[in-house]
Amino acid sequence: MKLSKKLSTTVRNKKLYIPVIKSLHRFFRDPRNLAIWVCVTLMAANIGLCYTEGMSLSSSLVNLFLPFGVYMLLMGLWRKTGATTLLMLPFMIFAAFQIVLLYLYGGSVIAVDMFLNVVTTNVSEAASLLANLLVAMSIVVVLYIPPLVWAVWSLIKHRYTGSGFRRKMRMCGLICIATGAVLTAISYAFVPRYSFEHETFPVNATSNLVEACSRYRETSHHAELAADFTYHATPTHPDSLPEVYLLVIGETARGDNWQLGGYNRPTNPRLSAENGVVFFHKSISESNTTHKSVPMLISHASAENFDSIAHYKSVITAFREAGFHTAFISNQERNRSYTEHFGNEADTTIYIPTPKGVEHAYDHDLLPKVQSLLADSAHRKQLIVLHTYGSHFRYLDRYPRKFARFTPDQTIDAAKSNRKILINAYDNTILYTDYVLAELIDTLRKTGVRSALLYASDHGEDIFDDSRSRFLHASPVPTCYQIHQATLAWLSPELSREDPAMAEALKANGTKRVAPQKSLFPTIMQLAGVRSPYVTDSLSLVSPRYNPAPPVYLNDLNKTLPLDDCGLTSADMIHLLPLLR
């Protein structure tokens, strides 16, 4: 009886499976289904943008009808549907990229900075991020890998569409395009500030890609464009005076998570006990992207003149002109950005190699390089610029296990449900940064010479902080968490004794608002007594005449916008309000 029941069940299952398999076989044999699949799945990004971008009804319909019409027209041009599908790969890449960004940021089209991030982010870093975006990557794989495999199989099996089907596809495509054209005219007539180029995907993404290529080309020619630039820098301190200045660039350090700024966790135990440290808790970055923010931090460039950065050199050149030995030491990889070009200006340029068996070198690996430079008696005056890896995602990989004070801190998925674990890991990165900075201060103190350390992070980060569920940084529209970053300074006892007015001014200015992209350059120039027509005294944090500049944000199109006009929400502005006073 049992055997007969098993056989009966097997027969029934086969009767169910065989029709399903036959139906699937018929479906995938027909290249017409492939053509329709491609057109429909390519619209996923457009549908998402209509939902997230708050478009008017007419502009949303343009964003749907016109692209869909173009896709249908293209898929109806050639009988070899498999080949046509493969030619649609650029559109699929754009759509996949857009879907991932919508998952990350909850809105905004692929921006110029997004494309630039692709070419200035190292492969391991990108792979680490994508591996932690399981939901977004799963959607992309399900939507776009099957048609590509299907297309290759269709070509191998010589599956072609008939002329009648292609004619219908072209006719439907033309109707959709005509409808989209009419809706475009309506949008221009009735929707204020409507722009077809900026509100229709993938036209807007393509336009941004062209702009990104232009900017990247300009960056690549920086050495030629800035060849004749000079800061006309001259020293004011005697040649016999030994002095050392460290300019430390942090990565993704949120101002909200520093104990020095009032955070309720002990993330800065060593710096909190350090005499001479001034923390600027009202520090707001002018950019939420590394490839813009860091070059501004180490040069005269700021949001208002960023378009001219290709013609500038960095603070390293200013110090070299004034007779200092200069060094640039980075724990990040070369990335073909202005930061790399500026680092090449130094007398000594060092990139920390990644040891075998670890994801990335730790920031304390910078310390021996600094100590070696300071031990060289041939250089009485030195500027050392350090580019750390800081709190860059994946947070868990940024610190040795002995700094895992806040636990649990191990997770493999960047999801809102894991926020507490992510925050623990992130706070451990700040704890580790506290250690690295304190060790650098100890190293400077032991030299017994006039010295100072300036630290500023390039930007902050979203970590699923509110109902928007946003994560990471560099989104086309910033948040308060992305632009509120950490800035601090330390002056040695020798410097404070020799220039008490500077020490007093620094302490007094610690309660004022700061834009580090504007203030780091004049501050370190004044500390070192380097005179230049590019130094603005009222922006120096060691000047009694320091006057905070109005807070601004450098957007994706390199336009300088006031904070209340750069896309921040009312909740963002409420969060920033104590910092803006």
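Predicted model: local features only at pLDDT ≥ 70, side-chain atom pairs only at ≥ 80, totals over all residues.
Local features were taken at pLDDT of at least 70 and side-chain atom pairs at pLDDT 80 or more, whereas totals for chains, interfaces and linings use all residues. Residues are numbered from 1 along each chain as its sequence is written, and side-chain values rest on heavy atoms, with hydrogens and water left out.

Helices (H or I, at least four residues) and strands (E, at least two) are DSSP runs, numbered from the N terminus. Seven strands build an open sheet of mixed pairing, in the order β3-β10-β7-β2-β6-β4-β5; two strands are taken to pair if DSSP finds at least two bridges between them. At the edges stand β3 (277-279) and β5 (348-351), each of which pairs on one side only. From one strand to the next, the twist averages 10 degrees, where axes are lines fitted to C-alpha atoms, for helices over the stretch in contact, and angles run from 0 to 180 degrees between N-to-C directions. In general, strands of a sheet pair through backbone hydrogen bonds, either parallel or antiparallel.

Strand β7 (residues 450-457) illustrates both arrangements: β7 runs antiparallel to β10 (residues 487-491), with five bridges between them, and parallel to β2, with eight bridges. On the β10 side, L454 has A489 as its bridge partner, and Y455 is partnered by L488.

Helix α18 (residues 367-374) lies across β2, β4 (325-330), β5 and β6, at about 170 degrees to β6.

The structure holds 25 salt bridges, each defined as a side-chain nitrogen of Lys or Arg within 4 Å of a carboxyl oxygen of Asp or Glu. One of them joins R450 to E243, with the closest N and O atoms 3.7 Å apart. This pair links distant parts of the chain, as R450 lies in strand β7 and E243 in strand β2, 207 residues apart; both residues are buried. R334 and E340 form a salt bridge with a closest N and O separation of 3.5 Å. R334 is partly exposed at 44% relative accessible area, while E340 is buried at 14%. In the salt bridge between D397 and R394, the closest N and O atoms are 2.9 Å apart. D397 has a relative accessible area of 15% and is therefore buried, whereas R394, at 25%, counts as partly exposed. Salt bridges with shared partners join E243, K381, R450, E498 and D499 into one network.

The largest nonpolar core comprises 93 residues, and those with the most contacts inside it are W258, L440, L453 and F471. A nonpolar core is a set of buried Ala, Val, Leu, Ile, Met, Phe, Trp, Tyr and Cys residues joined through side-chain atoms within 4.5 Å. Helix α19 (residues 419-447) supplies the largest share of this core, 13 residues. Beyond its neighbours within four places in sequence, L453 is in contact (heavy atoms within 4.5 Å) with residues including L246, V248, L437, L440 and L488. Another core, of 53 residues, lies apart from the largest one and has V294, A456, F521 and V542 among its members.

There are 26 aromatic pairs; rings of Phe, Tyr and Trp (its six-membered ring) pair if their centres lie within 6.5 Å, and planes under 30 degrees apart count as stacked, over 60 as edge-to-face and the rest as tilted. The rings of W258 and Y455 have centres 5.6 Å apart and planes at 40 degrees, so this pair is tilted. Because W258 lies in the loop between β2 and α14 (269-272) and Y455 in strand β7, the pair ties together parts 197 residues apart in sequence. W258 is buried at 0% relative accessibility, and Y455 is buried at 2%. F403 and Y435 form another tilted pair, 5.0 Å centre to centre with 50 degrees between the planes.

Terms used:
Buried < 20%, exposed > 50% of the residue type's maximum accessible area, 1.4 Å probe, protein only.
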